[in-house]
Amino acid sequence: MTSARKQGANLISVENISKSFGIKPLLESVSLGVQEGDRIGVVGLNGGGKTTMLEILAGLEPPDSGRVARGSGLRMAVVTQRGHLPPESTIGQIVLGPLDVAEHEWAGDARIRSVLAGIGIGALGLDTPVTSLSGGQRRRVALAAALVQDLDLLILDEPTNHLDLEGIAWLADHLVNRRSALVVVTHDRWFLDTVATTTWEVQNGTVESYEGGYNDWVYARAERTRLSDAAEERRQNLARKELAWLRRGPPARTSKPKYRIQAAEKLIADVPPPRDSVALASFAKRRLGKVVIELEDATLTTPDGRVLVDDLTWRLAPGERIGLVGINGSGKTTLLRALAGEVPPAAGKRIEGQTVEIGWLRQELDDLPTNMRVIEAVEDVAGRIELGGKDVSAGQLAERLGFTPARQRTPVGDLSGGERRRLQLTRVLMAQPNVLLLDEPTNDLDIDTLQQLEDLLDNWAGTLVVISHDRFLIERICESTWALFGDKKLTNLPGGIEQYLKKLASGPAAVSAAPSTRSEGSAAKSPGGKGSGAQRDMEKALKKVERQVQRLVVKEKELHEKLATAGTDADRLIELGVELKSVVAEREAAEESWLELAEEVG
């Protein structure tokens, strides 16, 4: 089914709109438009007016002044954060309700099943009452109801908030390949970069428009900062750091002209690598010693006795930076709670080093003192700390994480969900832990705050384990990725998030081929010796490469330690540097071989 509209037809136009709440102006004399084929990502600080602008576009909120014009017969669906579902409805009634007979035939049962499965509610069934669903599941049902329709325009407010990594990847692919125009508010930078052809930045009552997605927006914003005489030095430094990361990433992701890239790269010509891993690992070892947290022969279960992870032996090393991903219900949070010592293993044991100080960021926001003001809640933990070699006050750290001096006087009970998350992070960091366990730290954080958080964690010396559906965060602050696929094993993924998604797409065989924490006892085996000789040979070769990778990882860590203790012995430093370079090259080659063999075995 196709629309009668011509390509490039105007769908919505706004002229000189303004909107204020109380004395705070959110939008002032804003003019913009949405055309057919546009995919627009909307970014900006929390509370800056993004959602208000979306609701004005959708007709849910009137402007105080100005004009909004929508095309005749515009077919549009809106999914906001504050939307609600009729309490007496079922999933089927919500999802199928907007479809007329012709559209139902167009969508077909297969399409509906694909949408429900893609965003992670396929197993619930169309007859499930919405009253039995969690808040996140309700948001996904509302999203599904919009996605099954044939529309001219989709308006979505933070659609990735309640999706896991595979759900976000599916949604991005779906939106790129459907015909509808799109306006989406998102703080997920990978999603923005993948989906958006235009980025709107809502700031200080205005809306600035940029071609391309997140990558292009960072370059353009850095150029704007360079040209602005009044630019703050802190924002320049942050732009440099972000550009340094992007330069290390995949090439040709930006649509900007070469002169703009060259101008922006002048900012980062003298920027050091985002993280000095050797120095941080050395410092972490001095703070932590050899033993950090270890799980030996551990079995982790749900409260009703269902086994999530079985026979797990996992030893966290000083300065190790781990990203933990996995399918819903596989036990990620339970594993983090076991590492924190909050829940004991059903079998096996947990060992903690004598000098370990754990900082644990939970998903829940129930650990904040609501009877204090923001600055009091931060100073209640500590007045000053050393961070990145600098002395930082409670107020300075709070400001880095988005609390202006005026906002620091706000009662904690009056904070929004995003602000409470930022306060929770600030308090965790003020405790100066040497082991950080972060459970979905990016929830409700805007992009500027995410960049500040990454900047803080880049220079943080200690052991880190983070659960997140934010690919950018994991790829930037973590140095290894581990996954729970629901097979009761913890699996190392040398290929990172991309390998994780490929494993999920390839099915159970590929999952079982990945190396677990017990490379000998947990690796996939041919049942009863069945299968071709070639298959068995490949499995043997895979195990051999696994052992080689693990041996080289240990060797690499040992060389880092030797470098840290070599002091000023120039000859020894040169000798160790050459050996380290050789070992790293050998490990990378072995990991490539492992990936190739794993795909063949899978």
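**A strand pair and beyond**

A: Let's start with a pair: isoleucine 385 has valine 392 in E16 as its bridge partner. Keep in mind that this is a predicted model.

Q: Nice. How do E15 and E16 pair, and over how many bridges?
A: Strand E15 and strand E16 (residues 390-393) are antiparallel, with four bridges between them.

Q: Which residues of E15 are on its covered face, and which on the uncovered one?
A: In strand E15 (residues 384-387), Ile385 and Leu387 make up the covered face. Arg384 and Glu386 are on the uncovered face.

Q: Switching topic: in what order do the six strands of the open sheet come?
A: The order is E14-E17-E18-E12-E19-E20, and the pairing is mixed.

Q: Why is one side of E14 and of E20 left without a neighbour in the sheet?
A: Strand E14 (358-361) and strand E20 (490-492) are at the edges and have a single partner strand each, so one side of each has no neighbour there.

Q: And how do E17 and E18 run?
A: Strands E17 (residues 435-439) and E18 (residues 463-467) run parallel, joined by five bridges. Valine 435 is opposite threonine 463 of E18.

Q: What about the largest nonpolar core: which residues touch the most other members?
A: Those are Leu154, Leu175, Phe191 and Leu423, in a core of 89 residues. Domain 1 (8-217) and domain 2 (275-504) each supply at least three residues to this core.

Q: Which residues are in the second core?
A: That separate core has 26 residues, including Leu324, Ala340, Val465 and Ile467.

How values were computed. Residues are numbered from 1 along each chain as its sequence is written. This is a predicted model: local features need pLDDT of at least 70, side-chain atom pairs count only at pLDDT 80 or more; totals for chains, interfaces and linings use all residues. Side-chain values use heavy atoms; hydrogens and water are left out. Two strands pair if DSSP finds at least two bridges between them. Helices (H or I, at least four residues) and strands (E, at least two) are DSSP runs, numbered from the N terminus. Buried means under 20% relative accessible area, exposed over 50%, partly exposed in between (1.4 Å probe, protein chains only). A nonpolar core is a set of buried Ala, Val, Leu, Ile, Met, Phe, Trp, Tyr and Cys residues joined through side-chain atoms within 4.5 Å. Domain bounds come from an automatic or database domain assignment.
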